[in-house]
Amino acid sequence: MPDGVFGVEVVTPEQSLVAGGASSVVLATSEGALTVLDGHTPLVGDVVPGQVKVDLADGTLLRLAVHGGFVQVDTSPGAAEGLAEGDGPLPGLSTRVTLLVGIAELSEEIDVPRAERAREVAAQRVAELKSGRSGGASDLPEGAEPPDVALREAEEALARAELRLLVAGSGE
Amino acid sequence: MAGGQERVLRRRIRSVQSTRKITKAMELIAASRIVRAQARIAANRPYRVGMERILRVTAAADPTAAKKLLGTPESPTQVGVLAVVGDRGLAGSYNSGVLRATERLVAEHIRNGAQVTLWTVGKKAPGYFRYRGIETERSFAGMADRPEFDDARLVASVVTAPFVAGEMDLVQMVSTRFISAGTQRVEVLQMLPLPLPDEADGDEGIDTLPSAGPGTVGYTEFEPEPEKLLAELAPRAAESEIFAALLEGSASFFTAQQRAMAAATDNADELVRTLTRVMNRARQDAITTEIMEIVGGAEALRQSKGA
């Protein structure tokens, strides 16, 4: 293995999105942006929603839309063992970077028309809820979620759609 | 009349044969779904393993904070129990195994003087507890066959809320673990507070943790600080546990169903064989009787002619 390469994996509960050798990973924690290179100190942190860039060992740049999760940089002996998917086993790596994310997509897997539709729907909903709140929200149907919960959900949906469009490279 | 019996048997055989067609079809469908369900368990494993590792490292870094969220309470007074069963029956003891274990667990907590809140996943659960006069706080249906992570998230948000709010001191989950294609086991899992990663080996509890596991060697940076991180991690870990339980539950359900339906198909075969034999004997008897009657009649006729 060439120098400066470490093992990286991006896993969601449903699947493993990325597994292999990489030369750099760029992500954001709640305390700021973070670039992980080989030899980084061991780290555990949260990952805030945003774009994550993974420079694979073979030179390809992967971009992912990540909707929140955790990251671990593990340098303990044998940490990178068992990280063998993709292009075969990766011997001799001393660092393993693990991203655990609830929802994440690779840039090329993002359904742009769908994200655009989702953004429109969510934006409309946010506008509706905001105006409804200022003008007395008594017209809400019985049993509906409280307006602040609904608003937060709509705003989160909007943020997700916007992030997807940004990562897919078609966001304005 | 003898012919009547034969007709009845013939009808019965036809009915058993059409039931057999259904059980056979269900067996094959279940078998094909096991494979998919198993693949999903495998795809979930890296996430689960990673979550466990992060949790261990973080807990080791801040034992005081960890103590609040990890470890087993001595005598819980407010207990939540989540039972995970299937949406459908015809799966042998899959549902009843979990339901009975849940009932026992609830009864035990009540005996120990605790207040129990019960949640269930799967259509088969509410009826069972209603019949036994056990109240269910909330039941989720429609996610047992093909669980999505969003389903786990929804369940987790409901069952972790009272614990996070401090109204509950123990949350447990009863579900079926898929150990292998041949073995599934009903297990009670402590979900919150998170069981200590190495509780089994260390009697002194959390204070012995820093030495636990290879993941904690040396100095580790935390962003944000471990205490905050743990508070974020605990609900996510519960989510992950619930999702894993849903996945394993669905795989176990299909395995149990396949086995039950295979047995039902065998029984149908056996029944058809027995019934056919009985029917053939009945037919033979009818023929013999008929011949006897003809012979007897002819004999009587000849005798009356000769006289």
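Visitor: Into which domains is chain B divided?

Guide: Domain bounds come from an automatic or database domain assignment. Here chain B is divided into domain 1 (2–26 + 261–301) and domain 2 (31–260). This is a predicted model, in which local features need pLDDT of at least 70, side-chain atom pairs count only at pLDDT 80 or more, and totals for chains, interfaces and linings use all residues. Residues are numbered from 1 along each chain as its sequence is written, while chains are lettered from A and ligands numbered from 1 in the order in which they are written.

Visitor: How many residues of domain 1 of chain B are in contact with domain 2 of chain B?

Guide: Two residues are in contact if their C-beta atoms, placed from the backbone, lie within 7 Å. Five residues of domain 1 of chain B meet five residues of domain 2 of chain B in this way. On the domain 1 side, α6(B) gives the most, with four residues; helices are DSSP runs of H or I with at least four residues, strands runs of E with at least two, numbered from the N terminus. The C-alpha centres of the two domains lie 53 Å apart.

Visitor: How many residues does each chain give to the contact between chain A and chain B?

Guide: Chain B gives 26 residues and chain A gives 25. On the chain B side, α1(B) contributes the most, with 10 residues.

Visitor: Which strand of chain A is joined to β6(B)?

Guide: Two strands pair if DSSP finds at least two bridges between them. Strand β4 (residues 43–47) of chain A is joined to β6(B) by three bridges, and the two run parallel. A:G45 stands opposite B:E223 in β6(B).
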